[in-house]
Amino acid sequence: MSARLPEGNALVYCQGAFRTPNGKTAHGLVRFTRRYRVLAVIDQSCAGEDAGQVLDGRPCGIPVLASVAQALRRRFERRPTHLVIGLAPDGGRLPGAARREIRVALRAGLYLDSGLHDFLSLDPEFASLARRRGVRIRDVRLPPPRERLHFFSGDIEKVGALRVALLGTDSAVGKRTTAWRIVDELNRRGISAELIGTGQTAWMQGARYGIILDSLVNDFVSGEIEHAVVRAWRERRPRVMVIEGQGSLMNPAYPGGFEILAAARPHLVVMQHAPARREYDGFPGYRLHPLPRQIAAVKMISDRPVVAVTVNHEGLTPAQTRRACRAITRQTGLPAVDVLLDGAGVVADVIQRRLTPARRR
């Protein structure tokens, strides 16, 4: 992470996706980021609205504008310095319609940050525009050179922090947002906590430690997860680490939870779940496995307890969400809460009770 944050003032490009799970990078940046000051979201489909109102029903002062050109004409208190790609589509490819607006941004002298699998810094047209304007294109998912990657070593056993994996029953279900809320609540209570990011959005939000799991060669995934955790322990000595999950154990395209359970060696697991969701995100016909089965799978693989269920309220009213939480508690015997609706206190209570005297200091 850069020593000086925020790095600049961002326009977040999310054309056509801010109301959908494919806008989850933009969602994360609107809710919280240390890396940028977010000035506006770009999405013509909800232009004129407040981004926080669209996302969470609470205004946040970030406008949604129709285009990059419109944003560049607008008078902000601070001048835009970055265009950040806030799209997270299946496969991570750049939509063809985005090229024109990226050209506008580069010609205007904006830095470009992207978390897509299409590496924009290697695009000849974009690279040429960036050189002419003296700006940087940064591909967050561009993997590090092989010589800088780490293989699993067993050093994870030297880490004294309580490790909590925030896994989920699906992709794009809110794991990262919930992880941040838990970290913030623990820190508010005076319990030092760090988030270990595992995706491009956590990096864009300014997580101090982490990896981009889905851009790594498989042989090094476990080692890189371990290295991020060990580095956080050596440098910060937090009492708790919350490791952001990826995908889910049973998602047909993103079974990313296995490596986190194996390499981070969590002591506890919190499971994020969307009760109204019936099929895996982006894969019609692939029925979501029931929550109890997914909890049982985590326990079987890791021999670690699932201690709470955190709920994504998509498709539900606040009253329906709270009823769903009560139903989950009856079904699983675990506390269940929507941290965006009712805060992360319930989960922080569970984690706090699991701290040993050594970790409480």
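Which residues lie nearest the centre of the largest pocket? I started my notebook with that one. The model I have open is a predicted one.

**Entry 1: the largest pocket**

I found 49 residues in the lining of the largest pocket, and those nearest its centre are Pro 21, Lys 24, Ser 171, Ala 172 and Val 173. I then looked up which elements give two or more residues to this lining, and got α1 (24-31), α2 (51-56), α6, α7 (200-204) and α12 (339-342). The largest share comes from α6, with four residues. For the volume I wrote down about 1100 Å³. Sorted by class, the lining has 15 nonpolar, 21 polar and 13 charged residues.

**Entry 2: the second largest pocket**

Next I went to the second largest pocket, which holds about 700 Å³ of space. I see 29 lining residues there, and Pro 144, Arg 148, Trp 203, Gly 210 and Ile 211 are the closest to its centre. The elements that supply two or more of its lining residues are β6 (137-139), α7, β9 and α8 (221-236). Which element gives the most? My note says α8, with four residues. The classes come out as 15 nonpolar, seven polar and seven charged.

**Entry 3: a cavity**

My reminder from class: rolling a probe the size of a water molecule over the atoms shows where empty space is left. The count is one cavity of 30 Å³ or more, and the volume of the largest cavity is about 40 Å³. I listed its lining as Leu 167, Gly 168, Ser 248, Leu 249, Gly 257, Met 271, Gln 294 and Val 298. Both β7 (162-168) and α10 (291-302) put at least two residues into that lining. By class I get four nonpolar residues, four polar ones and no charged ones.

**Entry 4: the seven-stranded sheet**

β7 made me curious about its sheet. I traced an open sheet of seven strands, paired in parallel, in the order β9-β8-β10-β7-β11-β12-β13. Which strands stand at the edges? They are β9 (209-210) and β13 (336-337); each has a single partner strand, so one side of each is left without a neighbour in the sheet. I zoomed in on β7 and β10 (residues 240-244), which run parallel and are joined by five bridges. One pair I clicked on was Leu 162 with its bridge partner Val 240 in β10. Then I spotted helix α13 (residues 345-354) packing on the sheet, where it touches β7, β10, β11 (268-273), β12 (306-311) and β13. The direction of α13 makes about 165 degrees with that of β12.

**Entry 5: Thr 178**

Is Thr 178 buried or exposed? Its relative accessible area is 3%, and under 20% counts as buried, so Thr 178 is buried. I looked for what it touches, skipping residues up to four places away in sequence, and found Leu 166, Gln 272, Thr 310 and Val 339. Thr 310 is 132 residues away along the chain, yet the C-alpha atoms of Thr 178 and Thr 310 are separated by 7.5 Å.

α1 was already on my list for the largest pocket. Six of its eight residues are buried, namely Thr 25, Ala 26, His 27, Gly 28, Leu 29 and Val 30. What covers them includes β1, β2, α2, β4 (82-85), α6 and α7. I followed β1 (residues 8-13) and saw it pair with β2 in the parallel sense over six bridges. Gly 8 has Tyr 36 as its bridge partner in β2. Strand β2 (residues 36-42) is mostly covered too, with six of its seven residues buried.

I ended with the backbone. Most residues other than glycine have a negative phi, and most peptide bonds are trans. Where is there a cis peptide bond? I found it joining Leu 5 and Pro 6, with omega at about 0 degrees. Pro 6 belongs to the segment before β1.

Ala 172 is not a glycine but has a positive phi of about 50 degrees. This residue is in the loop between β7 and α6, and its 17% relative accessibility makes it buried. Arg 265 has a positive phi as well, near 50 degrees. I placed Arg 265 in the loop between α9 (257-264) and β11, and at 39% relative accessibility it counts as partly exposed.

Conventions: Residues numbered from 1 in each chain as written. Predicted model: local features only at pLDDT ≥ 70, side-chain atom pairs only at ≥ 80, totals over all residues. Heavy atoms only, no water. 1 Å grid on protein atoms, 1.4 Å probe; cavity = no way out; pocket = protein on both sides within 12 Å on 5 of 7 lines; lining within 4 Å. Points joined across faces, edges and corners; volume = space filled by probe spheres on them. Nonpolar A, V, L, I, M, F, W, Y, C, P; charged D, E, K, R; others polar. Pairing = 2+ DSSP bridges. Contact = heavy atoms within 4.5 Å. Axes fitted to C-alpha atoms, helices over the stretch in contact; angles between N-to-C directions. Buried < 20%, exposed > 50% of the residue type's maximum accessible area, 1.4 Å probe, protein only.
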